[in-house]
Amino acid sequence: MNISGPAWLTVLVTWVTGLTYQVPQKLDLGDSLAVTAFSLLLVFAALASIWLVIAILGRVLRQFQKPKGGA
Amino acid sequence: MFTHALERIVQDSGFATLDWRSAIMLVVAGILIYFAIAKKFEPLLLLPIAFGILLANLPFSTMGSYDEGGLFYYLYMGVKLGIYPSLIFMGVGAMTDFGPLISRPSSLMLGAAAQFGIFFAFTVANLLGFTPQEASSIGIIGGADGPTAIFTTARLAPHLLGPIAIAAYSYMALIPMIQPPIMRALTTKKEREVVMTMPRQVSKLERILFPIIVTVFVVLLLPSTAPLIGMLMLGNLFRESGVVERLSDTAQNALMNIVTIFLGLTVGATAKADTFLAVETLQVIALGLVAFAFGTVGGVLLGKLMYVLTKGKVNPLIGSAGVSAVPMAARVSQIEGQKANPGNFLLMHAMGPNVAGVIGSAVAAGILIALFGS
């Protein structure tokens with residue numbers, strides 16, 4: 001599950017920034033860059049979230065599908 | 001009497017009112033028809049788009065998408081209301097194998113990184129004076145996903161539909177020419193030679209759960225992506241469930257073909273001379289290229305980072321496939337990989353980021369619509 005580390009981090013950062021960022025109506029360079037950074041972060045967060053879910057799901061399913069040991 | 005009738009017919013004909021602007025549009029339509037037929041540049045969409053332009057620019061034809069009462073006026077409702085792109089996404093979902101992505105979910109990050117081009121072009125477009133809505137629609141060309149570009153533009157800047165659709169599909173066809181120089185410039189030969197290990201087998205249960213989980217998760221996170229992601233994943237569930245083969249077949253063949261005809265024709269018919277022949281159009285086309293190029297840059301650079309983090313197990317060339325454009329971008333990764341190492345086979349590995357790019361561009365579109373939609 002170590003591989004999902006960056007996914008956790010991205011989701012966390014986005015939730016925090018998403019709560020504090022207000023989208024302006026008119027965009028100068030600073031606003032554009034802020035929107036760009038925020039939006040890219042959100043794209044990463046959404047896809048990282050899917051990564052996280054797939055990783056957890058794959059791990060769980062593989063646990064259940066492991067061949068049972070026996071005599 | 002006869003002369004008078006003849007004179008009237010001539011006066012009422014399109015020849016009498018055909019101005020130079022409409023004539024230029026007819027030439028543009030002719031060039032696009034040539035590219036579609038002779039060069040096979042995305043012919044499935046470019047041909048109906050080009051013929052739509054042709055029809056819309058014939059005087060008195062009332063075949064423009066905005067000509068109230070005309071045929072395309074009604075068919076255009078499918079674009080305006082976001083119906084056609086969503087139905088096409090259902091077909092794309094029914095055709096897509098998400099197996100490579102499920103087996104290596106870190107590919108999703110490459111699909112996210114390749115959306116950098118969208119936001120880079122968005123920033124430049126803002127600086128050039130476009131409104132945030134127009135800049136968002138222009139940027140989305142970089143998602144290399146025609147239906148997503150049309151879906152976003154129809155909502156945010158419908159007056160730019162013609163140039164944006166033409167730019168998006170033209171550049172998608174030109175991916176084998178646009179991407180390789182960037183990929184080679186950003187990677188070393190050693191990096192391009194990396195042979196990746198085969199991904200694990202994905203179980204049927206994982207394949208079935210994937211579209212359901214992605215739909216619930218992404219739509220909860222970004223409700224505005226529901227039409228695109230929801231239909232994409234519905235199509236994929238048709239495919240993976242294995243119990244509705246007829247629906248899957250219809251979604252990826254008959255329905256998709258019908259919708260493609262309507263979409264292409266009506267998008268083409270938005271490009272009338274008075275709106276298309278403007279400096280703005282040239283800017284859109286130039287910015288579209290910037291978006292494509294920087295999308296490739298973003299994907300390859302993250303691929304390089306993954307190469308370093310995995311101690312050389314990931315070939316950075318697969319990053320460029322994150323721009324979507326399934327499966328052409330993955331094929332470009334494969335070709336470039338084989339040029340560096342003839343024994344290399346990157347196609348399967350590149351399909352992961354490639355299908356992640358479809359999800360990524362839909363998510364990027366959802367964000368822009370959420371931010372700037374009315």
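How far apart are the mean positions of the 22 positive and 18 negative charges of chain B? They lie 13 Å apart, where Lys and Arg count as positive and Asp and Glu as negative, with His and the chain ends not counted; each charge is placed at NZ of Lys, CZ of Arg, CG of Asp or CD of Glu. This is a predicted model, in which local features need pLDDT of at least 70 and side-chain atom pairs count only at pLDDT 80 or more, while totals for chains, interfaces and linings use all residues. Residues are numbered from 1 along each chain as its sequence is written, chains are lettered from A and ligands numbered from 1 in the order in which they are written, and side-chain values use heavy atoms, leaving out hydrogens and water.

**Chain B overall**

- Chain B contains 23 helices and zero strands, these being DSSP runs (H or I of at least four residues for helices, E of at least two for strands) numbered from the N terminus.
- The radius of gyration of chain B, taken over C-alpha atoms, is 22 Å, close to the 21 Å that the globule rule gives for 374 residues, so the chain is as compact as a globular protein of that length. The rule is 2.2 Å times the number of residues to the power 0.38.
- The C-alpha trace of chain B spans about 85 × 45 × 40 Å along its principal axes.
- Of the 374 residues of chain B, 57% are buried (under 20% relative accessible area, with a 1.4 Å probe and protein chains only).
- Among contacts (heavy atoms within 4.5 Å) in chain B with a separation of 6 or more, 77% are between residues 24 or more positions apart.
- The accessible surface of chain B, from the Shrake-Rupley method with a 1.4 Å probe, is about 15,100 Å², and 70% of it belongs to carbon and sulfur atoms.

- Helix α4(B) covers residues 43-56; its 14 residues should span 20 Å at 1.5 Å a residue, and its end C-alpha atoms are 19 Å apart, which agrees. The expected span is 1.5 Å times one less than the number of residues.
- The buried residues of α4(B), including L45(B), P48(B), I49(B) and G52(B), pack against α3, α5, α13 and α19 of chain B.
- All 13 of the 13 residues of α13(B) are buried, so this helix is largely enclosed by the rest of the structure.

**Chain A**

- Chain A has two helices and zero strands, and 38% of its 71 residues are buried.
- Chain A exposes about 4,400 Å², of which carbon and sulfur atoms supply 70%.

Note on methods. Buried means under 20% relative accessible area, exposed over 50%, partly exposed in between (1.4 Å probe, protein chains only).
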